[in-house]
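Me: I would like to learn how to read a fold from its coordinates, one feature at a time. Could we go through the example below together?

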Amino acid sequence: MSASWQAHIDSGLMNHNPKCVAKAAIHGKDGTLWASTPELKISPEEVKALISGMSSDAKELQKNGIILAGERYVYVRGEVAGEKRVAMGRGKKNQQSGCVCVLTLTAIIIALYDPGMQVGPCSVVVNKLADHLIKNKY
């Protein structure tokens with residue numbers, strides 16, 4: 001993990017008031033971890049499956065959900081916005097939690113939100129970071 005990528009997690013996603021991201025990670029499109037909050041352990045296989053689902057018509061995500069760190073999130077929606085792809089999921093066990101995942105040119109940003117947090121602000125900060133990465137050819 002690089003300190004510069006970790007700064008994107010620490011200041012770009014986790015440092016908001018009110019808090020809108022509980023855990024986050026940035027992975028390369030090959031599944032390698034670039035940066036993460038310490039408690040989030042997403043396997044390279046989970047990342048690759050998510051990227052594959054986001055890169056196709058999302059039927060696999062609709063069927064199997066989004067699996068992150070062993071937790072299943074029900075696929076709620078996806079969209080293509082310019083050079084990025086977005087997938088959102090709601091917690092299977094706790095429907096007040098969820099995930100926002102944004103695929104950029106070379107990376108995927110994954111953010112989880114907990115009960116009491118709102119998907120809207122979480123989505124805004126993740127998409128803002130994604131736009132920054134895309135602008136810088138990531």
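Predicted model: local features only at pLDDT ≥ 70, side-chain atom pairs only at ≥ 80, totals over all residues.

Me: Over how many bridges do strand β5 and strand β6 pair, and in which sense?

Reply: A pairing of strands is read from its bridges, and here β5, which covers residues 84–91, pairs with β6, residues 98–103, over six bridges in the antiparallel sense.

Me: In what order do the seven strands form the sheet, and which are the edge strands?

Reply: The order across the sheet is β2-β1-β7-β6-β5-β4-β3, with antiparallel pairing, and the sheet is open. Its edge strands are β2 (33–36) and β3 (66–68), each of which pairs on one side only. From one strand to the next, the twist averages 25°.

Me: Which strands does helix α4 lie across?

Reply: Here one reads contacts together with an angle between axes: helix α4, residues 119–135, lies across β1 (23–28), β5, β6 and β7 (107–113), and its direction makes an angle of about 165° with β7. The helix has 17 residues and reaches 24 Å from its first C-alpha to its last, close to the 24 Å expected at 1.5 Å a residue. Its buried residues include Cys 122, Val 125, Val 126, Leu 129 and Leu 133. After α4 comes Lys 137, whose phi is positive, near 65°.

Me: Which residues of α2 are buried, and where do they fall when seen down the axis of the helix?

Reply: In α2 (residues 44–55), the buried residues are Glu 46, Val 47, Leu 50, Ile 51, Gly 53 and Met 54. Seen down the axis of α2, these buried residues fall within an arc of 160°, so they line one face of the helix. They pack against β1, α3 (59–64), β3, β5, β6 and β7. As for its span, α2 has 12 residues and reaches 16 Å from its first C-alpha to its last, close to the 16 Å expected at 1.5 Å a residue.

Me: Why is Ser 11 classed as partly exposed, and what does its side chain reach?

Reply: Ser 11, which lies in helix α1 (residues 3–13), is classed as partly exposed because its relative accessible area is 47%, and that class runs between the 20% and 50% cut-offs. Its side chain reaches the backbone oxygen of Ala 7 at 2.7 Å.

How values were computed:
Residues numbered from 1 in each chain as written. Heavy atoms only, no water. Pairing = 2+ DSSP bridges. Helix = DSSP H or I, 4+ residues; strand = E, 2+ residues; numbered from the N terminus. Axes fitted to C-alpha atoms, helices over the stretch in contact; angles between N-to-C directions. Contact = heavy atoms within 4.5 Å. Buried < 20%, exposed > 50% of the residue type's maximum accessible area, 1.4 Å probe, protein only. Polar contact = N/O pair within 3.5 Å; in protein donor to acceptor, adjacent residues only side chain to side chain. Expected span 1.5 Å × (residues − 1). Arc of directions from axis to C-beta.
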